[in-house]
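Dear colleague,

Please find below the structure that I am handing over to you, with its sequence. My notes on it follow directly after.

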Amino acid sequence: MLNLAVDIGGTFTDLVAQDDSGRLFVSKVLTTPSDHSEGVMNAIAKAGVDLRETALFLHGSTIAINTVIERKGVKTALITTRGFRDVYEIGRSNRPDAYNLFFERPVPLVPRSLRREVTERMTARGEIHTPLNREEAAAVVAELVKSGIQSIAVCFLHSYANPLHEEALGEVITSIAPETYVTLSHHILREYREYERTSTTAVNAYVGPVVARYLGSLRDRLRRQGFDGEVLVMQSGGGVMSLATAVQMPVRMMESGPVAGVIGSARVADALGYPQSISFDMGGTTAKASLTQNGNAQIANHYYIGGYNTGHPVMLPVVDIVEVGSGGGSIAWIDAARGLKVGPISSGAEPGPACYGRGGSQPTVTDANLVLGLLGEDSFLGGEMRLDR
């Protein structure tokens with residue numbers, strides 16, 4: 001039997017498999033943004049792997065985090081306790097980049113026009129202070145659905161202590177709009193700190209339909225090829241979760257691809273006698289770095305998607321990775337002050353950098369590397385893909 005692992009990046013999809021005798025199968029293909037599962041199946045076909053002989057499918061992906069960084073998620077609404085509509089945008093009072101005259105706070109994934117309040121209140125002890133007004137809540141949900149939202153995040157004050165009102169609103173949403181993706185904050189993060197909990201919930205709702213659509217397509221394609229083994233998805237904290245859990249809590253797979261790389265590099269470095277090491281991973285959309293100490297990856301209890309200064313806080317365990325929105329496919333552009341900038345928008349795999357010859361017309365890091373002679377025109381992807389200078 002085979003164990004199979006696939007990682008989807010912004011530009012390429014990579015596969016490695018191993019059978020009981022230790023024989024390895026590897027392949028690398030272009031990612032297919034319109035349906036990422038197609039790229040996975042292309043990688044499987046290229047490697048010559050028989051899914052009927054595969055027991056485990058282990059999966060890492062940058063789909064969720066790239067969706068946030070490039071702001072390509074679905075139209076998302078946020079419902080919260082009356083009086084707390086703007087907690088998500090106000091955030092904390094700190095100014096992380098104090099000497100930057102042009103500093104701007106992160107733009108919320110949910111605009112104010114799609115943030116709503118309902119009458120309800122729990123105390124910090126989990127006691128009902130003000131009952132949930134179900135009629136008002138139903139009217140709010142109906143209005144949001146009419147506006148065309150695809151996903152709803154619900155984050156009530158002190159729901160970590162008592163989730164009764166969030167559960168009730170979840171039932172209301174399901175009864176009115178059963179096709180709408182719903183994220184209740186107590187399912188994602190049952191801790192205090194209102195801003196971080198709201199942000200984490202909003203991120204989950206923003207990427208949820210995108211990830212659910214992809215994982216559903218992947219599951220169906222695998223089944224059609226005769227796969228009846230187990231599918232496990234890498235978590236940001238280094239563990240794995242089932243496919244069903246990943247659909248409900250995609251925010252836990254934000255760093256799933258990069259984290260697998262950090263853990264792998266830590267094992268290799270330790271085996272070579274280097275317990276302290278730095279791993280660096282530059283993909284098509286982002287570049288990541290992480291420090292290994294005593295042979296182990298470091299775990300943080302929260303992080304910021306897109307960096308501390310202007311990123312979105314996510315209060316979940318994660319392998320401590322620092323990342324910037326600058327990868328091989330990141331597009332170079334000129335700002336209002338005529339300064340050269342790179343990223344965070346990436347050309348991805350379709351059309352990809354201009355030198356791929358797939359219709360790309362904007363300059364990227366990969367194009368610059370080719371012109372500078374750092375990449376070979378005929379040796380890219382093992383010679384399978386010729387770059388066009």
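**Helix packing**

The axes of helix H1 (residues 36-47) and helix H7 (residues 194-224) come within 8 Å and cross at roughly 35°. Axes here are lines fitted to C-alpha atoms, for helices over the stretch in contact, with angles running from 0 to 180 degrees between N-to-C directions. H1 passes H7 in a right-handed crossing, the near helix being turned clockwise from the far one by less than a right angle. On the H1 side the contact (heavy atoms within 4.5 Å) is made by His36, Ser37, Glu38, Val40, Met41 and Ile44, and on the H7 side by Tyr214, Ser217, Leu218, Arg221 and Leu222. These residues divide into 6 nonpolar, 3 polar and 2 charged; Ala, Val, Leu, Ile, Met, Phe, Trp, Tyr, Cys and Pro count as nonpolar, Asp, Glu, Lys and Arg as charged, and the others, Gly among them, as polar.

**Basis of the values**

This is a predicted model, in which local features need pLDDT of at least 70 and side-chain atom pairs count only at pLDDT 80 or more, while totals for chains, interfaces and linings use all residues. Residues are numbered from 1 along each chain as its sequence is written, and side-chain values use heavy atoms, with hydrogens and water left out. Helices (H or I, at least four residues) and strands (E, at least two) are DSSP runs, numbered from the N terminus.

**Salt bridges**

A search of the whole structure finds 21 salt bridges, each a side-chain nitrogen of Lys or Arg within 4 Å of a carboxyl oxygen of Asp or Glu. One of them pairs arginine 92 with glutamate 196 at 2.8 Å, N to O. Arginine 92 lies in the loop between helix H3 (87-90) and strand S6 (115-118) and glutamate 196 in helix H7, so the pair ties together parts that are 104 residues apart in sequence. Arginine 92 is partly exposed at 36% relative accessible area, whereas glutamate 196 is buried at 11%. (Buried means under 20% relative accessible area, exposed over 50%, and partly exposed in between, with a 1.4 Å probe and protein chains only.) Salt bridges that share partners also join Asp86, Glu89, Arg112 and Arg115 into one network. Arginine 23 and aspartate 19 form a further bridge, their closest N and O atoms being 3.1 Å apart; aspartate 19 is buried at 15%.

**A buried glutamate without a partner**

Glutamate 255, in the loop between helix H8 (243-248) and helix H9 (256-271), is buried yet has no salt bridge. The nearest side chain of opposite charge, lysine 288, is 6.5 Å away; Lys and Arg count as positive and Asp and Glu as negative, with His and the chain ends not counted. Leaving aside neighbours within four places in sequence, glutamate 255 is in contact with Ile65, Ser236, Tyr303, Val318, Ile321 and Glu323.

**Backbone features**

A cis peptide bond, with omega about 5°, joins glycine 343 and proline 344; proline 344 lies in strand S22 (residues 340-346). Two residues other than glycine have a positive phi: histidine 158, at about 60°, and arginine 338, near 65°. Histidine 158 lies in the loop between strand S9 (151-155) and helix H5 (164-176) and is buried at 18%. Arginine 338 lies in the loop between strand S21 (330-334) and S22 and is exposed at 68%.

With kind regards
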